[in-house]
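Welcome! Let's walk through this structure together, one question at a time.

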Amino acid sequence: MKFTNLENGLLISECENFDPFVSCECGQCFRFDKISETEYTLCACERLQTIKKLPEGWLFCDIDEQEFKKSLFDYFDLGRDYGEIIKGFESDKAISSAARSGGGIRIFRQDGWETLISFIISANNNIPRIKKIIASLCELLGEERNGFYCFPTPKSIVEAGIEGLAPIRAGFRAKYIYDAALKIYSGEISLEYIKSCGYQNALNELKKIKGVGDKVANCVLLFGFGYYEAFPIDVWVKRVLAKYYPDGFDPLSLGEYAGIAQQYLFYHERNILSREEGK
């Protein structure tokens with residue numbers, strides 16, 4: 001991996017298995033926008049980051065190497081060898097094939113609180129609407145910093161109340177958002193405890209929140225707390241499992257990186273195969 005400070009940002013080159021655009025499109029985050037085929041913006045680490053795809057690598061605008069390594073290096077999980085992880089899936093034909101099309105995926109190390117609320121909002125929802133509701137929530141209750149809105153705190157949501165969430169048009173999810181904020185603000189549920197209590201305990205803890213079942217909890221643990229063994233199962237993944245594993249499938253068989261395999265399978269089915277089948 002090579003870092004080059006340029007006048008307009010930081011160029012990252014010679015980095016295998018890293019594609020921030022594919023990583024945005026694999027269902028793990030919602031605060032991003034596709035500007036063009038070669039430019040995205042992403043809200044990460046309390047900043048709006050513009051990323052451009054160049055022939056020589058990835059340009060992260062208006063940031064230098066020192067600042068990048070303090071925050072975004074870990075956010076993009078660049079210290080992990082995904083090539084070795086992919087090798088560990090070689091015996092599974094479906095995952096190996098999916099990894100070839102989605103090998104640039106990295107699991108973002110997102111804020112646990114933001115991830116929790118984002119996936120509560122995602123329940124029975126489509127991605128454009130999820131993104132709109134989250135953006136509205138940030139504008140309504142988040143701290144404004146030079147035109148960028150931070151994700152609101154549990155306190156700000158509790159103080160707003162369920163009625164105060166009406167402008168974001170979250171529907172039935174408003175009461176779940178409020179319940180999550182109240183349980184965390186009151187200390188009934190500790191995000192710090194969830195970080196370190198182990199996968200099963202963390203899963204059970206999250207499911208104490210209204211509107212959080214196995215699927216949402218596993219998404220939160222994988223994308224917000226670094227539990228890479230978490231294997232979220234939604235309609236797309238159910239389709240994959242039925243197609244490639246008709247005799248049954250046990251995520252535990254994939255070991256500590258089952259969640260990364262899930263992302264390869266999800267992206268391949270939703271973004272590659274569905275696109276080809278629609279032609």
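Q: Is phenylalanine 21 buried or exposed?
A: In this predicted model, local features need pLDDT of at least 70, side-chain atom pairs count only at pLDDT 80 or more, and totals for chains, interfaces and linings use all residues. Residues are numbered from 1 along each chain as its sequence is written, and side-chain values use heavy atoms, leaving out hydrogens and water. Buried means under 20% relative accessible area, exposed over 50% and partly exposed in between, with a 1.4 Å probe and protein chains only. Phenylalanine 21 has a relative accessible area of 7%, so it is buried.

Q: Which kind of aromatic pair do phenylalanine 21 and tyrosine 40 form?
A: Rings of Phe, Tyr and Trp (its six-membered ring) pair if their centres lie within 6.5 Å; planes under 30 degrees apart count as stacked, over 60 as edge-to-face and the rest as tilted. Here the centres are 4.1 Å apart with 20° between the planes. The pair of phenylalanine 21 and tyrosine 40 is therefore stacked.

Q: How many residues apart in sequence are the parts that this pair ties together?
A: Helices (H or I, at least four residues) and strands (E, at least two) are DSSP runs, numbered from the N terminus. Phenylalanine 21 lies in helix α1 (residues 20-24), while tyrosine 40 belongs to strand β4. The parts tied together are 19 residues apart.

Q: What is the relative accessible area of tyrosine 40?
A: Tyrosine 40, the partner of phenylalanine 21 in the stacked pair, is itself buried. Its relative accessible area is 5%.

Q: Which residue in β5 is the bridge partner of glutamate 39?
A: Two strands pair if DSSP finds at least two bridges between them. Strand β4 (residues 39-44) and strand β5 (residues 47-54) pair in the antiparallel sense over six bridges. Within β5, glutamate 39 has as its bridge partner lysine 52.

Q: Which strands stand at the edges of the sheet?
A: The open sheet has six strands in the order β1-β2-β6-β5-β4-β3, paired antiparallel. An edge strand here has a single partner, so one of its sides is left without a neighbour in the sheet. The edge strands are β1 (2-6) and β3 (32-36).

Q: What is the angle between the planes of phenylalanine 68 and phenylalanine 76?
A: Both phenylalanine 68 and phenylalanine 76 are buried, with a relative accessibility of 0%. Their rings form a stacked pair, 6.5 Å centre to centre. The angle between the planes is 10°.
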